[in-house]
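User: I'm new to reading protein models and I'd like a close look at one part of this one. Could you start with a single helix and then show me what's around it?

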Amino acid sequence: MPVLRILVACCLTVGASMTVGAAGTSAAGTSATGTTATGTTATYPSAAAPAASFHGVNWADPRDNFVTGNVVPTGLSDTDGPARSAAKARQIVAGLQHNLGANTIRLPVNPATVSGDWWRSYVAVIETATRMDVRVILSYWEADSSKDGRIDDLPQWSTMWNHLTSSFGGNPQVYFEPMNEPHGYSYDAWSGICAQWLRDHSDIPRGRVIVSGVGYNTDLSQLGTDARLAGTLFSVHDYTWFNPGAVTVADFTAGIAKEVGPYAGRTIIDEFGAPMTDGTDYNADPSTSTNIAFIDAIARYAHDNHVGTVYWPGLRAGDGYRMEDIVGVYPHLSLADTNASGRAKLLESWGR
């Protein structure tokens, strides 16, 4: 999630001898099998899903996902082993399914997480979600020490993605987003990085690769015409401050429509959000509040244009935009909605 600096600024290995996640490849109309972190064999459904069918939320680190060490989504602990991490994930994902009907979660990754002791437990979290028929979008976040919209260390980033794709390439429920908000790159530089990623991972079906829009995930205009990226999905982000001067539903609709352009069929809005813990009634007249107008515009636009949405955040402790709160303590975790009207607008974006 982006935060406001002076201007808008971005706010937002298991040991080498171990193999984790599912192995193999799959194609539309086939199934894939793989060995999980717990040593069991799983059979996964195949075929990449259309963008419009992504109905999800971000599950984020309380510190935001820009961290130097392990990324640890809310409710988890990087001191927990795989079994306990999986058990916590099962209860949290069940809450997202029950309360929202979510079929997608977006999770952060970085080289430190993938290369350290926490990784086996994080794999268990990812596998737990996919076993519950939930798609997982894995997106790279840069460290909090930079936030310059550029990959921190290209060799480490490449090694991380090699490990992630070998671990989850055979699990069609896992999608790969090479970078969150690459605002430090020009179109030419960013498209070149994505084209190289696709060449390096040509065994991954392109329908399971999500290319972030240029800038703060805000511009698909040239990416959509780039033949090197054919077959991929796209992601865009939108917040009220991405639209200076906008106050009405029409204003915000024009803003998101400009970002997406003619590529709605390939696009997921995998970050958007507004205050949910301050009592705002998102069923009220949109003319009374910029935030209400914004959420109404995104919900209507996504619904009318068959665009997938992944709300920021579904779960992140301390974030006033959060859609869910954790209730209880492990082993009795559940989730509670923070704003019934905001929930209703999210479901409206999903066509419900």
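Analyst: Let's start with helix H4, residues 154-168: it has 15 residues and reaches 21 Å from its first C-alpha to its last, close to the 21 Å expected at 1.5 Å a residue. That expected span is 1.5 Å times one less than the number of residues. Helices (H or I, at least four residues) and strands (E, at least two) are DSSP runs, numbered from the N terminus. Before we go on, this is a predicted model, where local features need pLDDT of at least 70 and side-chain atom pairs count only at pLDDT 80 or more, while totals for chains, interfaces and linings use all residues. Residues are numbered from 1 along each chain as its sequence is written, and side-chain values use heavy atoms, with hydrogens and water left out.

Look at where H4 begins. A side-chain oxygen of Asp 153 comes within 3.0 Å of the backbone nitrogen of Gln 156. This is a polar contact, meaning a pair of N or O atoms within 3.5 Å; within protein, one must be able to donate a hydrogen and the other to accept it, and residues adjacent in sequence count only if both atoms are side-chain atoms.

Now for the inside of the model. Buried means under 20% relative accessible area, exposed means over 50%, and partly exposed is in between (1.4 Å probe, protein chains only). In H4, the buried residues are Trp 157, Met 160, Trp 161, His 163, Leu 164, Thr 165, Ser 167 and Phe 168. An α-helix has 3.6 residues a turn, so residues three or four places apart point the same way. The buried residues of H4 pack against E6, helix H2 (111-115), H3, E7, E8 and H5.

One of the neighbours is worth a stop. His 201 sits in the loop between helix H5 (187-200) and E9, and His 201 is buried, at 6% relative accessible area. Setting aside neighbours within four places in sequence, His 201 is in contact (heavy atoms within 4.5 Å) with Trp 161, Asn 162 and Thr 165. Its side chain also makes a polar contact of 3.2 Å with the side chain of Thr 165.

Which sheet do those strands belong to? It's an open sheet of 8 strands in the order E8-E7-E6-E5-E12-E11-E10-E9, with parallel pairing. Two strands pair if DSSP finds at least two bridges between them. The edges are strand E8 (174-177) and strand E9 (210-212), each of which pairs on one side only. Neighbouring strands here are turned by 30° against each other on average, direction ignored. For angles, axes are lines fitted to C-alpha atoms (for helices, over the stretch in contact), and the angles run from 0 to 180 degrees between N-to-C directions.

Ser 212 has Ser 235 in E10 as its bridge partner.

Helices lie against this sheet too. Helix H3 (residues 119-131) lies across strand E5 (55-59), strand E6 (104-109), strand E7 (135-140) and E8, running at about 165° to E6. Helix H7 (residues 249-260) packs on the sheet as well, touching E10 and strand E11 (267-272), and its direction makes about 150° with that of E10.

Let's follow H7 for a moment. Thr 253 lies in this helix and is partly exposed, with a relative accessible area of 25%. A polar atom of the Thr 253 side chain lies 2.7 Å from the backbone oxygen of Val 249. Apart from neighbours within four places in sequence, Thr 253 touches Ala 297 and Tyr 301. Thr 253 and Tyr 301 are 48 residues apart in sequence, yet 6.5 Å apart in space, C-alpha to C-alpha.

Finally, charges. A salt bridge is a side-chain nitrogen of Lys or Arg within 4 Å of a carboxyl oxygen of Asp or Glu, and the count comes to 13. One of them joins Asp 296 and Lys 345, at 2.6 Å from N to O. Asp 296 is in helix H8 (residues 290-305) and Lys 345 in helix H9 (residues 340-349), so this pair ties together parts 49 residues apart in sequence. Asp 296 counts as buried at 4% relative accessibility, and Lys 345 is buried at 11%. There's also a network of salt bridges linking Arg 106, Glu 177, Asp 270 and Glu 271.
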